[in-house]
Structures are given as structure tokens and as C-alpha cells.
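The tour moves from stop to stop; select each group as it comes up.

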Amino acid sequence: MQPGRLEELYEWLRIPSISTGGGDPADLQRAAEFAAGIIRRAGGEAELATINGGNPLVIGELRANSEAAPTVIIYGHYDVQDPGPLDAWKSPPFEPELREGRIYARGAADDKGNFYPLLLAACELAQSGELPVNVRVVIEGEEEAGGESVAAWVAADQRGADCAIVFDSAMEDQQTPAITIGLRGCVSSMITVKAQPRDLHSGLYGGSVQNALHVLQQILVPLLADSEGNLCDELRAGAEPPSAAELESWEKLRPGQEMLAEVAATPLTKNSGEDFRRRNGAEPSFEVNWIEGGAPRTVVPAQARAYVTVRLAPGQDAEQIEAEVHRMLRRGVPDGVEIEIDSHLATPSLFAADLPAIAIARDAISRASGMETALIRSGGSIPVVADFAAAGIPVIVSGFGLADDEIHAPNESFVLDHLDLSERCAREILLALAALPQE
Ligand code: BES
Ligand code: MN
Ligand code: MN
């Protein structure tokens, strides 16, 4: 990276652009404007777009050096997760610090630091007159919050694009860059159970009245995985088994047991470690993320809440599974008890390995890095990817994070050297996409 660029990234990281609650809208605005400034200084155009009062989108254009060039969208998100308990951070989350070759900061890997080299590669190619594709920059500020602005923008943009590049994912390992061809979707639900108007004395009323925590726990049980670790057929509807060729390609990657051991996790079942790639890439899963209710004293809780998520495998329909989740939850609610369910959806995605954009990017990353590029699936979700796919835009999902970057947790970090590695790969992808067949 050019001198001064690391400081520029640090400046971006210093803005606490938290979208997951408790963030200051002015900081989100500042982080968006900061990104727009980078594009403008490279000679491009950039503006902020706000849709239905959401966090601003950064929409930019960097023009190709020739007529009739393909159009490539580059996407990243400037919003970050809440940093969580500050005393768990070795250095403050919004004061980037370099330690042992890693940049520590909230957003260092997810996604400012991961996306920045892609933005930089496009800006520098544009400035030197070498950019062979039109680049449309889309940077959103609601990715971590399940916001709808970017989906609305993609659906409304009649111009379309020949492909999109999303840098918000990870390498397979430090010796293996990757393109993430599969991402899971998500049905996230906040559930509120109300048994009666107020908490009651558990001696005077307990045994004769409904307990909201009991009801909540009971309605969640049918959604849990069985003893083999599988969800029920209703929640698995539409999940497509991976092809023999894909299963074979996974055999060449690091064993799943190792990936669980790396984070000191306890496997769900005897073979969920060795089956990790299929389970997290091609199967849905259900998690209770949070539960609240009652108090550590003798009360019958009147109200209880839970936040739960079903991750969807490629092939599954988010609205269909949402309806199933609601049906399963409501089925177990006793007469007289009220339930409210508020859900948000993200559609899963899967791209064919032989799509021209994916094949071109894979070769480009291998050339620029000198390492063989793997095609992998991630169990995580990047909602906009399915929105691009629905608009007929193939998506190259990549990035240079690692499994131990601790995204969403305290002490998030990004390997310093991966900024250069990523920029080299991004530059090579953009140059190679000149050969992309156009609509
Ligand atoms: N960048 C992550 C997802 C990710 C991480 C994909 C690593 C591939 C590899 C993204 O910012 C994220 O956290 N997404 C949320 C989406 C949710 C709020 C709908 C997720 O997966 O929980
Ligand atoms: Mn991200
Ligand atoms: Mn994230």
C-alpha cells in the first residue's frame, strides 16, 4: 500500500459506526462520508443515498479508461457490530493498534479493513488511467443490523451490472485464498411471550397460572436439532445436497474437526466435526441466541423474550421457512397466552463454479497471490449477495480475513500483510474482468 493509506484506514476505523444499537447516527454518517471522500479524491463521483430513513448508502462511480467496458459493482459495509464489554479489549475498539502483525480494532476485519484494499485497488487503477471496467461502488451501513436499504437500492437500480465483487469473507487458511460461492440465509426472530399483565407471587399463584418462561422454553424445543444434530424436515425444506464434485473438493481442504478444535468448541455430535463443511455449508441450523425473563426470586414471570435464528442452506426459501418457524412456535402456545414474533429475513445464495466471473476471479487471485484459490461455502450470511443474484448479477464473494480474526467479538483484528495481499488480488481481478462477457 502507498504511504499514508494505512493511516487513512485507521482514520476510518476510528469512527464508531455501530449499526446494531446504541450507535450515534452522526458517526454512521461520518463513516459514509469518509468513504465517499476516498472515491472523490481518486477522481470518481460519490454521493450518499438514504432510503426510508435508513443509514446512508455510499454510491460511487469510477469510470473505465475505454468505452463499452463491463460494469463491476464493488461492495463493502462501513457499519460495525457493537464492541461489547470494553474491559475485554486489550486496546480500545476505536483506537486501532498494531500488535504482532495484526491491526486491532472493531471493523478491522468486518468489514472496513477487509473491503478497503478492494476500494483502493479500484481508486488507484482509475487514477492511473488503467481501470478497464466501470466500477460502481456500493458501501452500506446496515449489514450488521439486517437493514433493507441496500436491497431496495439494488432492486431499483435499472442499470444492472455485469458482476459484483464483495470483500466481506475470509480465506480458507493463511496459505489458501478463497472465493465463497455459497452463503447461508437467515430467519432471525424476536419472540415475546405474555402470560398475564404482571409478575405474580410464585407461592400464592404458582401451580395454577401460566409461566411465560416455561411457555417460551417449551415452544422452542421442537425447533432444536435431534440427537443426530439434524433439524426437522419442515425446517430443512428446499436444502439442496452438495454435488459429488463439491464434496470431493472439500476433501482437499482442512478437516472440519481441526476448524472446531481451533476455537476450542465442543462438537454437537460425534461426527459433526468431520461433517462440518456439509453441515454449515449445505444444512440449516437453529440457535437460541438470547433469552430473558423473570428474576432470581420467587415470582411467576409474566413475560419472557428470546432472540432465535434459523440459518438457511442454499436452495431454501426464506419466506417459506419463516412461515414454518411461526407455525411451529405458535402451535405450542397455550390458550390465553399471547405471543408476538418479529422476524427478519436473509436469502441464501450459491454460485456455479464455472460462471465466467467466478472463474476469472479465481485465476486472478491465484496469479496475484501465488497460491491456489479454493472455492468454499461459508455458514455466515451476507444478505445483499442474494439481492444481486436476484437482479441477475453474479457475485464474487471473497476477502482476506482469517478464522481467528475474532469478528463480532472483543479484540477483532486483521493481519496487516493481508492489506497488501488483498490489494494485489483485487487489482488483478479488476484488470482480468475486462474480459467478462457483457449482457
Ligand atoms: N461478514 C459477515 C459474514 C461472514 C463472515 C461471511 C465470515 C463469510 C465469512 C457479515 O458481516 C455478518 O456478520 N453477517 C451477519 C448477517 C446477519 C445480521 C443477517 C451474520 O452472518 O450473522
Ligand atoms: Mn461483514
Ligand atoms: Mn458481521
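Begin with Leu433. Leaving aside residues up to four places away in sequence, Leu433 touches Pro70, Val72, Val133, Cys163, Ile165, Ala357, Ile360 and Ile396. Keep in mind that this is a predicted model.

Now widen the selection to the largest nonpolar core, which has 88 residues. Leu433 is among the residues with the most contacts inside this core, along with Trp12, Leu62, Ile165 and Phe388. Colour helix H3, residues 112-127: H3 gives the most to this core, with ten residues. In soluble globular proteins, nonpolar side chains tend to be buried together.

Next, pick Leu220, Leu235, Val337 and Ile339. They are included in a second, separate core of 27 residues.

Go on to the metals. Select the manganese ion (ligand 3). Its coordinating residues are Asp110 through OD, Glu144 through OE and His408 through NE2, at 2.1 to 2.5 Å. What is the geometry of the site? The site of the manganese ion (ligand 3) is irregular, with angles of 56 to 158 degrees among its six donor atoms. Along the chain, the donors follow the spacing D-x33-E-x263-H.

Show the surface here. Are Asp110 and Glu144 buried or exposed? Asp110 counts as buried because its relative accessibility is 7%, under the 20% cut-off. Glu144, at 14%, counts as buried too.

Step one residue along from Asp110. The peptide bond from Asp110 to Asp111 is cis, with omega near 5 degrees. Asp111 is found in the loop between strand E5 (102-104) and H3. Most residues other than glycine have a negative phi, and most peptide bonds are trans.

His408 has a positive phi of about 70 degrees, although it is not a glycine. Find it in the loop between strand E17 (395-398) and strand E18 (413-415). His408 is partly exposed, with a relative accessible area of 41%.

Last stop: Ala68. Here too phi is positive, about 60 degrees, in a residue that is not a glycine. Ala68 lies in the loop between strand E2 (57-62) and strand E3 (71-77). At 70% relative accessibility, Ala68 counts as exposed.

Note on methods:
Residues numbered from 1 in each chain as written. Chains lettered and ligands numbered in written order. Predicted model: local features only at pLDDT ≥ 70, side-chain atom pairs only at ≥ 80, totals over all residues. Heavy atoms only, no water. Core = buried A, V, L, I, M, F, W, Y, C linked by side-chain atoms within 4.5 Å. Buried < 20%, exposed > 50% of the residue type's maximum accessible area, 1.4 Å probe, protein only. Helix = DSSP H or I, 4+ residues; strand = E, 2+ residues; numbered from the N terminus. Contact = heavy atoms within 4.5 Å. Donors = N, O, S within 2.8 Å, 3.2 Å for Na, K, Ca; no water. Tetrahedral: all angles 85-135°; square planar, octahedral: opposite > 155°, others 65-115°.
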